[in-house]
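My notes follow in the order I took them.

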Amino acid sequence: MTTARSTGAPRRITCAHVLGPDGPMPGAQVIALHDGKIQSIARTTEAAEPIMALPALVNAHDHGRAVRTSSIGADAKPLESWIHYLALFPAVDPYVAACVAFASSALGGAGIVMNHYTRVQGFTDLPTELAEVSRAARDVGVRTGLAVAMRDRNPLVYGPSEPVLAALPPDVRAEIAQRFTRPPLSPRDYMTLVDEIVSAADGPTFDVQYGPNGVQWCSDALLQAIAEASVRTGRRVHMHLLETKYQRQWCDANYPGGVVRMLDEIGLLSPRLTLAHCVWARPDELELLAERGVVISVNTSSNLHLHSGLAPMTRMWTAGCRIALGIDGKAFDDDNDALRELRLSHLLHSGSGFDQVVTRHRALHESVSNGRFAVTNIASDGGLRDRADADMLLLDWNALNDDALRSDLDPINLLFSRATARHIREVIVAGHTIVRDGHVTGIDFTAARQEILAQMRTGLPSGQNLAGALAALDGVIAASFCGCC
């Protein structure tokens, strides 16, 4: 399934426009690449290619799904119902699935990708499975963070499962209980598992992290064990927090002193922590997160699709939070277009009227910088400069500026006004071209996707009983969160 990828041999790229760390560089530039690095960027009088170069984008929060969730009916539902529908995905080959997921992210402009691995295929032990995921990341060519999912409470709702199960018909109750209420690992066993996964899968471009699913799904003992392990190993922690109003209500009821304060008291708040969402975080909580150097991955389109609300991104900027952007497996068009996600997030959160909280260039630069750190655990801002990693996105300037009415347009304005994945000429990571003109260079993407769809279609009939059970579960869950049962 792998194919020959362009090498990281010396290369010169003449670009009409380059977005550097301090903004658009004046005039045409020639970028020299060698040994995975940007050897130099210099102004040139050569005839420039109609290309705009910018840093490779980062998908700082995702779950590595190879198939869109709307394809199995997981759509138009709040998170608390939607999340159970993911069990309809049948188990498929983990290597091929990861190839499709990582390649889809690369085709959307992300060369650095986070995978909070919440969907285990289960054909082998998890370290062996994740070694295959690591191999897929290398073959596609993306830099990857993988957070090992952990949870040990509240499998159905944010509270005991017994009232929910009791409200279901007996046949439905048995199906739901069998699928969702299995005994969890102990905190000690989870820490041992992560150590085994590190030995099997960790590498220079694949960073294994601790992945507690969220406070409502993780006991205090598990969160404490993760905090201590992160201090001991230096490994990052990647966790959901305050994604929905129901999580906010549950956290307030169970941590009256403040859930963010609790996380701080157990030592979890640090620059090693990434929090996905924080849609319902309060101003004082954002200030504490900023003070501790926590990275927040805002996932705008996913929150819109799941009716979770809009993250207070303007307040995050004002508080000094470190903000990255994630797709979470469900961008605006239920795809992986990181360019469109960048634009949507900025339009929704940059401010109103003349009160612009953040410039377009700062939004681009900081989302890349914070995202790279969150995913790779390496402090590197990703800016295009001498001796930086050669991680770049090359856009077709003629296609982007197809009106061609003015020659003095600020290129970053066209980036934020109209750029989408269809404008991508190349995605370059560590000097290697991993996407060129809509084709993934390291794998046969078409064959991989066809294989996964074939496996899905073969496996889906086995979930027919579950599909019917989930329809019944929807009503009970809705009543539970509305306080009716």
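This is a predicted model: local features need pLDDT of at least 70, side-chain atom pairs count only at pLDDT 80 or more; totals for chains, interfaces and linings use all residues.

**Histidine 63.** I placed histidine 63 in the loop between β6 (57-59) and α1 (79-85). Next I looked up its polar partners. The side chains of histidine 63 and histidine 61 are joined by a polar contact of 3.4 Å. A polar atom of the histidine 63 side chain also lies 2.8 Å from the backbone oxygen of histidine 116. Then I left aside neighbours within four places in sequence. The contacts of histidine 63 are then Asn115, His116, Thr118, His240 and Asp328.

**Helix α2.** I moved on to α2, residues 94-107. This helix has 14 residues and reaches 20 Å from first to last C-alpha, close to the 20 Å expected. I checked its cover: 13 of the 14 residues are buried. At its start, a side-chain oxygen of aspartate 93 comes to within 3.0 Å of the backbone nitrogen of tyrosine 95. Just after the helix, glycine 109 has a positive phi of about 105 degrees.

**Salt bridges.** How many salt bridges does the structure hold? I noted 30.

- Glutamate 285 bridges to arginine 248, with the closest N and O atoms 2.8 Å apart. The pair links distant parts of the chain, 37 residues apart: glutamate 285 is in α10 (residues 283-292) and arginine 248 in α8 (residues 245-254). Both residues are buried.
- Aspartate 333 bridges to arginine 340, with the closest N and O atoms 3.1 Å apart. Aspartate 333 is partly exposed at 42% relative accessible area. Arginine 340 is partly exposed at 22%.
- Aspartate 437 bridges to arginine 425, with the closest N and O atoms 3.9 Å apart. Aspartate 437 is in the loop between β18 (432-436) and β19 (439-440) and arginine 425 is in strand β17 (residues 424-429), so the bridge ties together parts 12 residues apart in sequence. Aspartate 437 is partly exposed at 47%, and arginine 425 is partly exposed at 24%.

I also found a network: Lys37, Arg143, Arg372, Asp389 and Asp391 are joined by salt bridges that share partners.

**Surface patch.** Leu304, Leu310, Phe332 and Leu348 make a nonpolar patch of about 340 Å². I placed leucine 310 in the loop between α11 (300-305) and α12 (313-319). Leucine 310 is partly exposed, at 43% relative accessible area.

Key. Residues are numbered from 1 along each chain as its sequence is written. Side-chain values use heavy atoms; hydrogens and water are left out. Patches are made of residues with over 30% relative accessible area and no salt bridge: like charges are joined within 9 Å, nonpolar side chains (Val, Leu, Ile, Met, Phe, Trp, Tyr) within 5 Å. Accessible areas come from the Shrake-Rupley method with a 1.4 Å probe; for residues, only the protein chains shown count as cover. A salt bridge is a side-chain nitrogen of Lys or Arg within 4 Å of a carboxyl oxygen of Asp or Glu. Helices (H or I, at least four residues) and strands (E, at least two) are DSSP runs, numbered from the N terminus. Buried means under 20% relative accessible area, exposed over 50%, partly exposed in between (1.4 Å probe, protein chains only). The expected span of a helix is 1.5 Å times one less than its number of residues. A polar contact is a pair of N or O atoms within 3.5 Å; within protein, one must be able to donate a hydrogen and the other to accept it, and residues adjacent in sequence count only if both atoms are side-chain atoms. Contact means heavy atoms within 4.5 Å.
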